[in-house]
Amino acid sequence: MVAMFGTCFLLGDAKRNATFDENYQVTWGSDHVLYLNEGREVRLLLDEISGAGFTSKDYYGSGFFKMKIKLPANDSGGLVTAFYLYRNETGVHDELDFEFLGNRPGKPIALQTNIFTNGVGSREQRIKLWFDPTADFHYYKILWNHHQIVFFVDNIPIRVFKNNMIKGVGYPNSTMQVVVSLWDGSNWATDGGQVKADYTHGPFEAYFQDFNINGCHSSPSMPNVKCLSQDYRWNSKTYWTLKPNQQKAYELIKEKRMTYDYCTDGIGMTRPNDYKECH
């Protein structure tokens with residue numbers, strides 16, 4: 001539907017076709033993880049006993065992060081498949097979330113995004129996808145630089161969060177890891193928790209590919225100031241704003257596909273700077 005940003009490769013671009021073990025490590029549910037295609041594809045499994053998850057081995061201070069994901073099929077009500085950037089330690093909590101909220105057969109899976117900065121979240125937006133995310137792999141991407149955060153589905157921007165710190169609005173700027181998980185969110189994920197995971201239709205399987213990471217390595221204890229440098233492709237001026245065709249596609253998503261926006265439900269105006277954030 002829309003072309004991506006330019007394709008030149010600069011400092012920080014990942015080498016191609018990395019295996020899982022090069023950049024990631026399993027953090028929980030190791031007996032529910034299966035390695036496929038010589039480590040270039042991973043299956044996470046969820047059953048009554050456990051789900052599973054993995055994280056990047058390194059922390060990052062900026063980047064253009066992506067993962068190819070194929071979601072659990074059949075009856076996925078109550079399930080959450082997540083791909084996100086995360087830091088929650090020593091009083092710092094920043095987070096950039098893709099959360100796929102499962103549903104009963106015949107009902108659409110919701111794609112929810114959320115942003116935490118300085119420990120404050122509740123910035124949820126949800127959209128209906130224009131394809132079946134259980135039928136095949138699709139790319140889900142997060143652009144994060146000092147100017148904007150953009151969530152993409154394949155090459156389509158579905159959410160933009162600008163850096164408005166000058167207006168007093170918080171903006172994620174701590175080093176973060178890439179995190180992926182499959183877990184039971186029956187208490188909230190589908191219809192506000194009314195729909196629970198039905199394990200008679202399990203076990204549930206989610207598949208992941210492309211373990212390359214395009215990010216600026218940074219220590220959680222001593223941030224790398226070079227992560228703001230335009231020597232990194234995603235920090236160049238091309239990535240400070242959407243291109244006109246991307247902006248058009250983004251406006252169509254908001255008009256035709258968005259089903260929930262914290263900025264318009266009243267809840268999103270309870271913090272002093274939310275008006276600046278949403279406008």
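Reader: Which residue is the bridge partner of Phe83 in S13?

Author: This is a predicted model, in which local features need pLDDT of at least 70 and side-chain atom pairs count only at pLDDT 80 or more, while totals for chains, interfaces and linings use all residues. Residues are numbered from 1 along each chain as its sequence is written, and side-chain values use heavy atoms, with hydrogens and water left out. Strands are DSSP runs of E, at least two residues, and helices are runs of H or I, at least four, both numbered from the N terminus; two strands pair if DSSP finds at least two bridges between them. Strand S6 (residues 79-89) runs antiparallel to S13 over eight bridges, and the partner of Phe83 there is Val180.

Reader: How many of the eight residues of strand S13 are buried?

Author: Buried means under 20% relative accessible area with a 1.4 Å probe, protein chains only; over 50% is exposed, and in between is partly exposed. Strand S13 (residues 177-184) is largely enclosed by the rest of the structure, because its buried residues number six of the eight.

Reader: How many aromatic pairs are there, and what is the angle between the planes of Phe54 and Phe208?

Author: Rings of Phe, Tyr and Trp (its six-membered ring) pair if their centres lie within 6.5 Å; planes under 30 degrees apart are stacked, over 60 edge-to-face, the rest tilted. The count by this rule is 22 aromatic pairs. Phe54 and Phe208 are 5.8 Å apart, centre to centre, in an edge-to-face pair, and the angle between their planes is 90 degrees.

Reader: Which cysteine does the disulfide join to Cys216?

Author: A disulfide is a pair of cysteine sulfur atoms within 2.5 Å, and by this rule the count is one. Cys216 is buried at 0% relative accessibility. With an S to S distance of 2.0 Å, its partner is Cys227.
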